[in-house]
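I opened a notebook page for this entry. My plan was to look things up one at a time and write down what came back.

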Amino acid sequence: MLRRLQTQTTEMVLLAVIVAICLVLSLASDRFFTLVNLFDLANASAVNIIFAVGLLVVLIAGGIDISFAVAASVAQYLTALALARIGGGGWVSGLIIAGSIGILLGAFNAFLIHRFRIISIVVTIATFNIYFGLLMFFTRGVSIYDLPDWWTGKIILFERQMADGSWAELRLPVLVMALCVFATWALIRHTTTGRQLYAFGDNPEGARRFGISVAAMQFIAFGWLGLMAGIGGLVQAHYAQEVVPNALYGRELDVLAAVVLGGARLGGGRGSVLGCVLGVLLVAIVQNGLNLLGASPYAFRMIIGVIILVAITLSNAQIGKLFATRSEGRAAP
Amino acid sequence: MATAQPGAAPAPRPLLSLSDVSVTFGGVKALKGVSFEVMPGEVHCLAGENGSGKSTLIKVITGVYRPDGEARISFDGEVYDHMTPVAAQAAGIRVIWQDLALFPEMSVAENIAFQEVVGGRPRRVDHGAMRETARKVLARLGTSLDLDLPLRDYSIARRQIVAIARALVGEAKIIFMDEPTASLTQAETNHLLDIVRTLSREGIAVVFVSHRLAEVIEISDRMTVLRDGRLVGVYPAKEMTPSRITELMTGRTFDANVRARSHGAAPAVLAVEGLTRPGEFEDVSLVVRRGETLGITGLLGAGRTELALTLFGMRRPHAGTIRLDGKPVRFRSNRDAIRAGIAYLSEDRLSLGLIQPQSIADNLVIASLGKVMTGGLISRRRKEGLVARWVGELGIKIGRQEDAVSTLSGGNQQRVAIAKWLATDPRLLILDAPTVGVDVGARAGIFDIVARLAAEGLAIILISDELPEVYYNADRVLHMARGRIVGEYDPRSVTLPELEAAVYA
C-alpha cells in the first residue's frame, strides 16, 4: 500500500493540499462549500480540464504546445462558419467538424516538428502566432453571437433546488469533460500506443530501438491535443454562448501551469490523468476561493505563481525521497 | 538442460557463425573479411579497441547494418545473407547496449516486458501479463525487484539486471553485452558475472564486450580479438593474460613495470590531517610530495571522490586541516583551490569534465582564461598559441582546434581534459578515474603523460578502482574503505594479487 502511495506521491500530495484548502475555504466563507458553488466550479473548469488532458499527452511524449488554445479558437470560429453554411447541424456534426479542425492544426505542429527537426516549443510559439494572426486578420476581431440553438442551449445533466430557491446545476461541459478524461486515461494507461508514448517521452533513443515510429508518436500526441482543443473550443463556445476570437488567448499558460502542477514533467515520460485533473482543480479552487473572499484578481495570479514555484521546488523526486527514507527507517529496527 | 560444454563435447555445431563479413561506410571499410563463431552456451569475449569494429560486428549480427555482398551469416541452423532487426529478435538474438536503452520513468515490469507493447496494431495492454512475464524472468535470474516501482528508484546495478531480464524475455539464444560492468562496483560486477554463468548453464550464449581485461579472462571461454576492422584471432581465454590481450588488441607491447620510486626527501606539496566530513570520510591524513604520484583506491562508495572534491574546495570539511606547501588553506570554493594550484580531473568526463559540443580550443582554455586575455577580451592569437602548445606536449590527435570535443576518441578527450588543467599551472593534480571509457592503448599513453608530469615535479593524486592502474603507476597506494584510510602499500614490496586480496577482502 505504501509502495502504491509512493509511486503516486504527487497525486496524493495534491489531493491533500486540495482538501486542506477546501477546509480552510469552508470555514472562511459560507458560500464555498455549497452545491451551487461546487457545481459552478465543475462547469467552469470543464474546458480547462479538456485542454489539460490533451496537453498532458504531448508533455508525456516529451513535447510542449503553446498553440493549442488559439487553435481551439480557430476551430471554434471555423466550426461556427461551417455550421452556418450547412444550415445548423447538431452536436455530432459540430464535434466532428471542430475535432477534425483541431486534429489538422495539431498535425501541422507535428509535421513541422518531425519534418524539420525543430523543437516543439519553437514550432508551437510560431504556430501560436500564425494561428492567432490569421484568425484576427480574417475575422477582424468580430465575434459571432448568432450560433445555432442546439449549440448555445443550456443542457442540464443534474439539478437540485436549494433551500434559498437558487438552482444547483451540473451542465453538459462536465459530461464532455468526463468523456475526454476517460478517453485520455484509457489511451495512455491501457493501450499499447499510450505506453509507447510514455516510453518515447522517457527515452526516445530506447523507444526507437524497439522499432517505435517517432513520426507516429509525434502525430498521435499532437493530434490528440488537437482533438481535445477542437472539442474544448466547441464546449467553451457552448458555455459562453458566443464565439469571441480572442476569448481563449492566454489560456495556454494557465493550462500548462496546471498540468505541470499535476506532476507532468517537462521533458517527457511522467504525468498522470489524475494529477492533471487535480492540478486544474487546485488552481480553480484557489481562484474561486479568492473570489469569494473578495481578493483582487492580481492576488490570484501572484498566489498561483507561488504555488507553482513551491510545487516544482518540492519536486516529486524529493517528496518521494522523504517517503522512502521514512519507510526504510521504519523497517530498519 | 543438456548443453554442449565448450571444449569438452566433440565439436558441437556453432550457434552463430559469420564468415567473410565486410562493411563499408562511404568508402571506409569498418570491417574487412571478419569471421566470428559462437558455440551454444558459450561465454565469448569480443575484444578490441574503440574503432576496431566490435560494435559494427554486433550491428551486422542484429541487422542494423547490412554487410557487403559476399558475407554469410548462419544462426541456429538458418542461413541468412543479411539480418534484419525483426528477424534477429525473432531468432533469439538480444543486445544489451551500453546505455541500456531503458525507460527510467516506467515501472520495472514495463521495462522488462516492453516487447509486449510494441509491434502490431494498437491494442489493450495486459498489465497483469506484463508483471507475470517480468516476475518469471527475474526469478530465472534469482532476483526479485518491486515490479511497480519506477526504474529511476533503482541503482545502475539493478538497472543492469533489468536490462538483462528484458533480454531474456521470449526465447533468447544469444545475448550481447556491451560494457556491462563499466559503471558497477566490484561486488555488483561479481553478481553480474554470476548471472552470466547462470545464463551459460541454461544454454544461452553470452558475448561479452568489456574493457576490464581481468574479468574478461575470468568469465570467458574463448575470445575473438579485432584490430582495425580485421580479425586478429580466436583464443581460449584460459591461456590469456591482460598484457597479452593488450598486445593483440593494439599490436604493440607495453611493459607493465611498477613505476614506484621513493620521494621521502622531497618537500610535501599537500599535507592533510584528520580531514572529516561525517557520512563521507573520517579522519583522513595523507601527504603528497613534490614529484610523487599517490594512488588512492577502494570500492565505489568508499569516499574517494568525496575526499577529492573536498581537497578541490567543492565541499567543506567539518574537521581537519589541509596544508599546501606547508601553509594551512581554507577554500571557499573551487575557484580558490584552482588559484592555489590544485587541479581536479573529474571522474565523469562526459558530463562534467568537458563541454562536449564546444570546440577543443574552448575546452582547453576554459580553466585558464586569465592567460589568454588581453585588455579584458580573449586574444585569439594567445589562445591558439596556448592550445597548440598543449596539444603538442600531450600528443593530442586533433583535426582543427575549432572541432567539437565530441569528435575526438575517448583517449584524446581525456588528454584534452588533462591539458585543460595543466594549462592552469597546477602544483597538485588530482586524477579521478582517468581511464574510464579510454582504450587500453590510449591508457598507456595517459600514464606516460602522468609519469612525465611527475618527473617534472608535479604532485599527483591518482584515484581509481582499477587496482592494476594504481599498482603500476603510483609511488604509494592508499586503500580507502567506508570513508577511512585502512592501509598503505608500496608497490615495490607487495604483489598485485596481494593488493587485490587486501582491497576485495
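How many residues does the contact take from chain B and from chain A? I got 20 residues from chain B and 20 residues from chain A. Two residues are in contact if their C-beta atoms, placed from the backbone, lie within 7 Å. Next I sorted the side of chain B that touches chain A by class: 13 nonpolar, one polar and six charged residues. Here Ala, Val, Leu, Ile, Met, Phe, Trp, Tyr, Cys and Pro count as nonpolar, Asp, Glu, Lys and Arg as charged, and the others, Gly among them, as polar.

**Ground rules.** I am reading a predicted model, in which local features need pLDDT of at least 70, side-chain atom pairs count only at pLDDT 80 or more, and totals for chains, interfaces and linings use all residues. Residues are numbered from 1 along each chain as its sequence is written, while chains are lettered from A and ligands numbered from 1 in the order in which they are written.

**Confidence.** I noted ipTM 0.86 and pTM 0.77 for the model. The mean pLDDT (the predictor's confidence in each residue, from 0 to 100) is 86 for chain B, and 96% of the residues score at least 70. Residues 1-5 of chain B fall below 50. That stretch still has ten contacts beyond near neighbours in sequence.

**Overall form of chain B.** I counted 17 helices and 22 strands. Helices (H or I, at least four residues) and strands (E, at least two) are DSSP runs, numbered from the N terminus. The C-alpha trace spans about 70 × 50 × 50 Å along its principal axes. I found 44% of the 505 residues of chain B buried. Buried means 20 or more other C-beta atoms within 10 Å of a residue's own, exposed means 12 or fewer, and partly exposed lies in between, with C-beta atoms placed from the backbone.

**Domains of chain B.** I listed domain 1 (16-92 + 171-250), domain 2 (104-169) and domain 3 (268-504). The bounds come from an automatic or database domain assignment. The C-alpha centres of domain 1 and domain 2 of chain B lie 25 Å apart. Their contact takes nine residues from domain 1 and eight residues from domain 2. Helix α6 (residues 186-201) of chain B gives the largest share of the domain 1 side, four residues.

**Cores.** I then looked for nonpolar cores, sets of buried Ala, Val, Leu, Ile, Met, Phe, Trp, Tyr and Cys residues joined through C-beta atoms within 7 Å. The largest has 161 residues; Ile50(A), Ala52(A), Leu55(A), Leu56(A) and Val259(A) touch the most other members. Helix α11 (residues 214-240) of chain A gives the most to this core, 14 residues. A second, separate core of 72 residues includes Ile322(B) and Val405(B).

**One residue.** Is Arg166(B) buried or exposed? I found Arg166(B) buried, because 23 other C-beta atoms lie within 10 Å. Arg166(B) sits in helix α5 (residues 156-168) of chain B. Leaving aside neighbours within four places in sequence, Arg166(B) is in contact with Asn111(B), Ile112(B) and Phe114(B).
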